Every structure is written in structure tokens, then in C-alpha cells.
Amino acid sequence: MPDSPLPPLPRRVKGARPRFHDEPAIDRLIAMLVALTSEVSVLADRLATLEALSGVGHDAVDAHVPDLSERAWREARREALIARVFAALEVELEGPADSGAYWETIGRIERGEL
Amino acid sequence: MKRIAEQEGHAGLALGDHDDRARADFAFTLRNRVTSTWMPGTRTIFDRRAADAFAARHGRRPQSPAEIREAMDADPWYRFYLSARRASQETIWAAVIPPAERLGRVAMPAAPRGALHLDSSVEPPAYVGAIDIHCMPGGYLADRGEGDTGAGAVYDRGVYLYMSGLMGGRNDAVGQLAVAFLKSRLPEFAPRRILDMGCGVGHATLPWATAFPSADVTGVDVGAALLRHAHVRAESFGVAVRFVQADAEATGLPDGHFDLVTSSILLHETSTRGLPAILAESRRLLAPGGVMLHVDQPRFDDDDPWATFLQENETHYNNEPFWRRYRSLDLEAQARAAGFARVELATLAADVVRQSQNNAADDPKARARGFLALLAFRDA
């Protein structure tokens with residue numbers, strides 16, 4: 001048998017993918033949502049494995065109530081997480097959008113005005 | 001929750017590491033959700049509003065499969081369902097390809113009971129490679145050369161997940177159905193040589209070898225990587241089968257060589273041109289008094305336009321190019337045209353059939369549906 005490694009297996013499907021929505025982005029978002037849910041499921045399984053292998057056990061995790069300092073630490077982490085995930089939404093709250101100045105600035109840079 | 005049987009391990013099975021298995025488990029659970037909740041939900045949407053909306057536009061309720069399709073295509077829930085269902089199908093392959101890829105080159109068994117005969121000069125029929133059936137990337141023909149079992153390893157896991165384990169631990173429910181039917185219909189029949197056409201990774205081939213242990217069993221398929229996997233798998237289970245790379249339309253095997261020529265869920269993956277050629281080849285290969293048995297999907301029930309609409313979705317959305325046309329064919333007439341004078345049809349019912357036909361498990365009409373057994377006899 002040859003020593004050379006095999007090339008990767010095909011990932012693309014022969015046969016055009018149907019369009020289910022008039023806006024193709026919706027079909028892509030649904031596919032991303034399914035893939036993302038799969039990854040969340042994998043992480044949940046991995047945590048469950050750690051709970052089992054560490055000897056802590058699933059019941060002990062379910063029964064655990066964090067004390068106040070632990071809860072404060074988690075609250076700060078959750079706030080930071082939400083700020084990162086919803087940054088695209090919240091950026092507009094920080095002030096009016098920088099309207100129209102972009103290409104004007106580029107033009108000025110290209111013309112040697114800046 | 002469906003999990004009738006865990007897939008039975010064997011030397012070629014690619015389960016991968018923790019996260020690969022977790023991804024496969026997710027694909028399994030999501031597929032269950034699709035078949036158990038979402039698919040029946042299409043009927044709920046039809047009854048609740050899609051049929052009425054069609055009636056408001058046309059002045060009458062949808063009657064034919066095409067009108068049902070028009071009614072459903074206009075519904076936003078249904079479109080979202082189709083899109084998510086397609087993504088769920090892609091999730092199955094995305095879960096099983098990486099561990100299959102990591103197998104690398106697989107060594108063939110050192111002292112096999114059976115055999116593997118590959119022939120790179122075999123020209124596969126055009127329909128096999130035109131569209132990747134079931135959306136499996138690379139399809140049945142992907143072959144990366146010596147030691148490549150990838151397409152077989154991917155298919156082996158994919159079938160188990162797609163059918164929610166209803167195919168049994170060895171993915172062999174259809175083969176078992178076929179064997180049980182033949183043994184009850186022809187209890188005295190003891191074939192010495194058996195040919196399984198379009199055998200793939202041997203899911204339906206091994207039951208024949210187990211049921212008739214003194215028979216020589218041959219499986220033919222055009223996919224080299226499928227056959228390598230089939231060989232590794234059969235040897236790992238201790239079952240002797242000779243796997244040969246050949247086209248079922250023209251196998252190159254000798255005239256009159258087999259007492260039984262069979263296939264399981266092959267015909268619907270061929271073509272309007274290929275199917276009659278396979279039946280004619282079956283007849284050529286049979287010894288006098290020999291038996292042909294092809295088990296596959298039945299004809300559409302023309303009295304049930306809703307069921308027909310659901311069935312046709314396989315051609316519309318799941319890369320089943322021949323499914324829709326195949327299911328309007330008169331197979332009995334096709335067998336007679338291939339030269340068989342004695343032809344019988346029978347219905348084989350089982351859970352696995354209902355799932356493969358997109359039927360809800362609790363649909364009372366679906367309980368009577370089954371696979372079609374096309375049985376024909378070569379004159380003695």
C-alpha cells in the first residue's frame with residue numbers, strides 16, 4: 001500500500017442546492033443555526049463527560065448553588081458575553097452613525113488634502 | 001425517542017473521538033425531530049391554513065399532488081421547514097465525514113474468508129455520478145485509490161443516522177426483510193449461488209450469506225471505496241462474501257451462473273434506461289429455475305395525493321433523481337418485458353419502511369404500506 005496520505009474526502013455535493021426562500025441569506029442562516037446548534041450540543045456533551053469523568057457527577061452539578069461572590073463573578077461574565085454578542089445592535093446606541101464621511105475622507109486622502 | 005439498536009461495531013466503522021460521536025448523536029436526534037415532529041407538522045399546516053389559502057386564491061381546495069405542492073410552497077412555515085430539513089440532512093454528512101477521513105488508508109484483511117475484486121476499467125452508469133444521491137458529498141463513486149474506504153465508511157454511518165437506527169445494528173433491516181420473505185414464499189428453495197446487485201457496503205448482502213451458509217454469495221457495485229469498506233466489514237463480522245466491482249446493467253459474470261439474483265433498494269436509484277437493463281441482466285445471469293428478487297419502494301398510491309406529495313419531496317429536495325419517476329413504473333410489466341413469464345408482487349411492511357417513505361409512525365394508512373417485492377422465475 002502506498003505511504004502517501006489520502007487527499008481529503010469530498011465536502012461538496014453534486015446537484016444544485018434548492019432555494020427555499022426568496023432571500024438566499026435566510027437559507028444560509030438556517031443552515032448556520034443548525035450547525036451552531038450542533039456545536040452547542042457537542043459542548044454540552046463534553047461538559048457532561050467532564051462531570052462524569054471528574055467524579056463530580058451530574059446530580060452534584062445540578063444541586064450546586066453558587067455563593068454570592070461566585071454569582072457576582074458569573075454575572076460579570078454574562079454581562080460581558082452579552083455585550084460582545086449584541087455589539088452589532090448596541091453600537092448604534094453609542095451615538096449617531098458616522099454618515100457619509102467615509103468616502104469623503106478617502107477622497108481627501110487620495111487627493112493629498114490630508 | 002427512536003434508538004432501536006446501537007450500530008454494531010466492526011473493523012471499518014469510523015466513530016471518531018468524543019466530539020465526532022457527539023456530533024453524530026446530535027444529527028441522530030435532529031433527524032428524529034424532523035421525522036417525528038416536523039414532517040407530521042406539514043399536514044397540520046396544510047389542514048390549518050395552507051389548503052384554505054389555496055382555496056381563497058383558486059375557489060377550490062387543492063386536489064392533486066401538484067396543487068398540494070403549490071399550496072404548501074406558498075406557506076412560510078413550510079419553506080422554513082424544508083430549509084431546516086435540508087440543513088439537517090447536511091448535518092448528518094458533516095458529522096460522519098471527518099472521522100471517516102481520519103481512517104486514512106485501511107489495510108485489507110490478511111486471510112479473508114471472502115474476496116475483493118476491484119476493476120478500475122468498470123465504467124459506472126452516468127446516473128450514479130450525475131447527482132450525489134441523498135446529498136452525500138462525493139456520492140458512491142468517490143475513490144481516492146488503494147486503501148480508501150472513505151465513501152463506504154461515510155455511507156455506513158450516514159444510513160444508520162438517517163434511518164434513526166431503524167435499520168438495526170448492522171443496517172440490515174431491508175436485507176432481513178427480503179430473506180424472510182423469500183424463505184416464507186419459497187421454503188424449499190436452497191440457492192447455491194447468490195448475486196446481490198448494487199450491494200454498496202453489503203448491508204443487505206450479509207443477511208443472504210448468513211441465511212444460506214453453504215451458498216456462494218457475490219455482491220457487485222460500481223463504487224470501489226464502498227466495496228473496500230464492504231470487504232473489511234464482512235470479514236470483521238466473519239461472513240464470507242465475494243465483492244466484485246461491476247455495473248449491475250452489465251456485470252461481465254457468466255450466463256446462467258446464479259440461482260438467486262437479488263437487490264435491496266437499488267432500483268429506485270437507477271434510471272428509466274438503467275432499470276430495464278438491470279432486469280434483463282438479472283435474467284441473463286439466472287440458471288434455469290433461478291429466482292429474481294428485487295426489493296424496493298412500491299408504486300405511488302394514486303388515491304392518496306398527500307402521500308404522493310410527501311414522497312416526491314425526495315426528488316425535489318434530497319437528491320433522489322429517479323425516485324419520482326421510478327414510483328410510477330409498473331415493475332411487473334418491466335419484468336415481463338425483460339423475459340420473465342412468471343412474475344409476482346408482494347408488500348413487505350416494517351417500521352423502517354414507514355420512515356423511508358416519510359410517513360408518520362402513527363398514520364394508520366401508512367401501516368399497510370411496505371416495500372415492494374418483485375419476484376420472478378426463470379423457466380426450468
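Which residue stands opposite B:Leu374 in β8(B)? In this predicted model, that place is taken by B:His294.

**View 1. Strand β8(B) and its partner β6(B).** Here β6(B) and β8(B) run antiparallel and are joined by six bridges. B:His294 and B:Leu374 face each other across this pairing.

View 2. Strand β8 of chain B covers residues 371-377, and its pairing with β7(B) is antiparallel, over seven bridges.

**View 3. The side chains of β8(B).** In a regular strand, side chains alternate between the two faces of the sheet. Along β8(B), B:Phe371, B:Ala373, B:Leu375 and B:Phe377 point one way, while B:Leu372, B:Leu374 and B:Ala376 point the other way. Seven of the seven residues of β8(B) are buried, so the strand is largely enclosed by the rest of the structure.

View 4. Eight strands of chain B make up an open sheet with mixed pairing, in the order β1-β4-β3-β2-β5-β6-β8-β7. At the edges stand β1 (115-117) and β7 (342-348) of chain B; each has a single partner strand, so one side of each has no neighbour in the sheet. On average, and ignoring direction, neighbouring strands are turned by 15° against each other. Helix α6 (residues 173-185) of chain B packs on the sheet, where it touches β5 (258-264), β6 (286-296), β7 and β8 of chain B. The direction of α6 makes about 45° with that of β8(B). Helix α9 (residues 274-285) of chain B also packs on the sheet, touching β2 (193-197), β5, β6 and β8 of chain B, with a direction about 145° from that of β6(B).

**View 5. Helices α3(B) and α10(B) crossing.** Two packed helices are described by the angle between their axes and the distance between the axes. For α3(B) and helix α10 (residues 305-317) of chain B, the angle is about 55° and the axes are 12 Å apart. The two helices are therefore oblique to each other, and their crossing is right-handed. On the α3(B) side, B:Tyr78, B:Leu82, B:Arg85 and B:Arg86 meet B:Phe309, B:Asn313, B:Glu314 and B:Tyr317 of α10(B). By class, this contact has four nonpolar, one polar and three charged residues.

View 6. B:Val96 belongs to helix α3 (residues 76-101) of chain B. B:Val96 is buried, because its relative accessible area of 2% lies under the 20% cut-off. Leaving aside residues up to four places away in sequence, B:Val96 touches B:Val154, B:Arg157, B:Gly158 and B:Leu161.

**View 7. The covered side of helix α2(B).** Within helix α2 (residues 65-73) of chain B, the residues B:Glu67, B:Ile68, B:Arg69, B:Ala71 and B:Met72 are buried. Their cover includes α1 (18-58), α3 and α10 of chain B.

Notes:
Residues are numbered from 1 along each chain as its sequence is written. Chains are lettered from A and ligands numbered from 1 in the order in which they are written. This is a predicted model: local features need pLDDT of at least 70, side-chain atom pairs count only at pLDDT 80 or more; totals for chains, interfaces and linings use all residues. Side-chain values use heavy atoms; hydrogens and water are left out. Helices (H or I, at least four residues) and strands (E, at least two) are DSSP runs, numbered from the N terminus. Buried means under 20% relative accessible area, exposed over 50%, partly exposed in between (1.4 Å probe, protein chains only). Contact means heavy atoms within 4.5 Å. Axes are lines fitted to C-alpha atoms, for helices over the stretch in contact, and angles run from 0 to 180 degrees between N-to-C directions. Angles under 35 degrees count as roughly parallel, over 145 as roughly antiparallel, 65 to 115 as roughly perpendicular and the rest as oblique. A crossing is left-handed if the near helix is turned anticlockwise from the far one by less than a right angle, and right-handed if clockwise. Ala, Val, Leu, Ile, Met, Phe, Trp, Tyr, Cys and Pro count as nonpolar, Asp, Glu, Lys and Arg as charged, and the others, Gly among them, as polar. Two strands pair if DSSP finds at least two bridges between them.
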